[in-house]
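Here are my notes after a pass through this one. Have a look at the structure first, then read the points below with it open.

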Amino acid sequence: MIRPVIPYVTAALLFGLGVYGVLRRRNAVLLLMSVELMLNAVNLILVTADTTVRAVLPQSGQVFALFVIVIAAAEVGVGLAIVLHLYRLRSSVAVDEVPLGGEPVEGDGGIAVRPTDAAPGERVAR
Amino acid sequence: MTGADVLLLALGAVAAGAGLLVVTTRHLVRAGLYLVVCLAAVAGLYLVLTAELVAWVQVLIYVGAVVVLLLFAVMLTRAPIGASEDLDRPGWPAALVGGGAGLGLAALLVDAFRWSTVELPEAGTAERLGTSVFGSWVLPFEVLSVLLLAALVGAIVLSRPEIGAPAEGEGQ
C-alpha cells in the first residue's frame with residue numbers, strides 16, 4: 001500500500017527543475033542533462049500512473065516508459081553529435097551564441113569553417 | 001505511512017536534491033555525476049513502484065549509456081575541470097518559469113490525489129512486460145526500432161563531415 005502523491009510530486013519537482021535548467025544553462029551539454037531530467041519526470045509519471053490507475057491494458061504505462069527511454073537514448077545520441085559538430089565549427093558550446101538566421105556566418109572572427117565542412121552541414125540542415 | 005511510503009519519500013528527496021544540484025552546480029563534470037545519483041534514485045522509485053524491468057532498463061541505459069555519452073561530450077568539448085563561471089545565463093525568468101511549472105504541477109497533483117492510498121499491483125516483470133510489448137504494442141515497438149536506426153545513422157553522418165561532401169563516386 002503506497003501513497004501515490006509522493007512519486008507524483010517528486011516527478012513534478014523534477015520536471016520543474018528540468019525546465020529551469022533548460023532556460024538557465026548556456027552550455028549545450030548541461031542543456032541536454034536538463035532535458036534528461038524532464039524526460040525522467042515524464043517516465044516517473046507514467047510508471048506511477050500505471051501503478052495507481054486501473055487500466056484496460058495492464059502495464060501499458062511501463063511499456064510507454066520503456067519507449068520513452070529508447071527515444072531519450074536516440075535524442076541524446078543525435079544531440080551530442082550536433083553539439084560536437086557545433087564545437088568543431090565554433091570552439092564553443094554556448095547555446096546563446098548560435099546564430100539562428102539561415103545564412104552561414106561570414107566575417108565573424110574566430111570561426112574556421114573549412115569548405116569541406118560547410119557542404120555536409122548544409123545538406124543535413126535541409 | 002508504511003515502509004514503502006518512507007522509501008518513496010527518501011528516494012524522492014534524493015532525486016529532487018540531486019536534480020537541483022544538476023541544474024545549479026558550477027562544475028560540468030559534477031553535474032554529470034549528480035545526474036547519475038538522480039537517475040539511480042528514480043530507478044529506486046521504479047523498484048518501489050513494482051516496475052522491475054523499467055528500473056533495470058533505467059540503470060542500464062540511463063546510468064550506463066546516456067550519462068557516459070554525456071561525460072564523453074564534456075570531455076570532447078574540452079570543458080574545464082574546475083568551476084566555470086560562464087555556465088549560466090542571468091535569469092530570474094528561468095526560476096520563475098521552472099518554479100512555476102514544478103510547483104504548479106505539484107499543487108495540481110496534490111489536489112488530485114490528496115493523501116489517498118493505493119494497493120500495489122502485480123510486479124511488472126520482464127515476462128509480463130514482454131507479453132504486453134509483443135502483444136498490444138508491436139507496431140510502436142517496430143517503428144521505434146526504425147527511429148533508433150535513423151538516429152544512429154544521423155549521428156554518424158553529423159559527426160563525420162567528410163561523408164557525402166566531396167566525392168560522389170567513392171563508396172564511403
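1. Let me start with B:Tyr34, which sits in helix 2 of chain B. Bear in mind as you read that this is a predicted model. B:Tyr34 comes out as buried, because 21 other C-beta atoms lie within 10 Å and the cut-off for that label is 20 or more.

2. What does B:Tyr34 touch, once residues up to four places away in sequence are set aside? The partners are B:Ala18, B:Leu21, B:Val22 and B:Thr25. As for reach along the chain, B:Gly135 is 101 residues away from B:Tyr34 in sequence, and the two C-alpha atoms are separated by 38 Å.

3. Over in chain A, have a look at A:Val35, part of helix 2 (residues 28-52). Is A:Val35 buried or partly exposed? It has 18 C-beta neighbours inside 10 Å, so it counts as partly exposed. Leaving out residues up to four places away in sequence, A:Val35 touches A:Gly18 and A:Val22. A:Ala65 is 30 residues from A:Val35 in sequence, and the C-alpha to C-alpha separation is 16 Å.

4. Now the contact between the chains. Chain B puts in 88 residues and chain A 68 residues. On the chain B side, the elements giving two or more residues are helix 1 (3-24), helix 2 (28-48), helix 3 (52-76), helix 4 (92-113), helix 5 (126-136) and helix 6 (138-159). Helix 4 of chain B supplies the largest share of that side, with 14 residues. Sorted by class, the side of chain B that touches chain A holds 61 nonpolar, 19 polar and eight charged residues.

5. The axes of helix 3 (residues 60-90) of chain A and helix 3 of chain B come within 11 Å and cross at roughly 10°. Angles under 35 degrees count as roughly parallel, so helix 3 of chain A and helix 3 of chain B are roughly parallel to each other.

6. Who makes that contact? From helix 3 of chain A the residues include A:Gln62, A:Ala65, A:Leu66, A:Ile69 and A:Leu84. From helix 3 of chain B, they include B:Val54, B:Gln58, B:Tyr62, B:Leu69 and B:Leu76. By class, the residues of this contact between helix 3 of chain A and helix 3 of chain B split into 18 nonpolar, three polar and no charged. Note that A:Ala65, one of the residues in this contact, is also the residue whose C-alpha lies 16 Å from that of A:Val35.

Note on methods
Residues numbered from 1 in each chain as written. Chains lettered and ligands numbered in written order. Predicted model: local features only at pLDDT ≥ 70, side-chain atom pairs only at ≥ 80, totals over all residues. Helix = DSSP H or I, 4+ residues; strand = E, 2+ residues; numbered from the N terminus. Buried ≥ 20, exposed ≤ 12 C-beta atoms within 10 Å, placed from the backbone. Contact = placed C-beta atoms within 7 Å. Nonpolar A, V, L, I, M, F, W, Y, C, P; charged D, E, K, R; others polar. Axes fitted to C-alpha atoms, helices over the stretch in contact; angles between N-to-C directions. Parallel < 35°, antiparallel > 145°, perpendicular 65-115°, else oblique.
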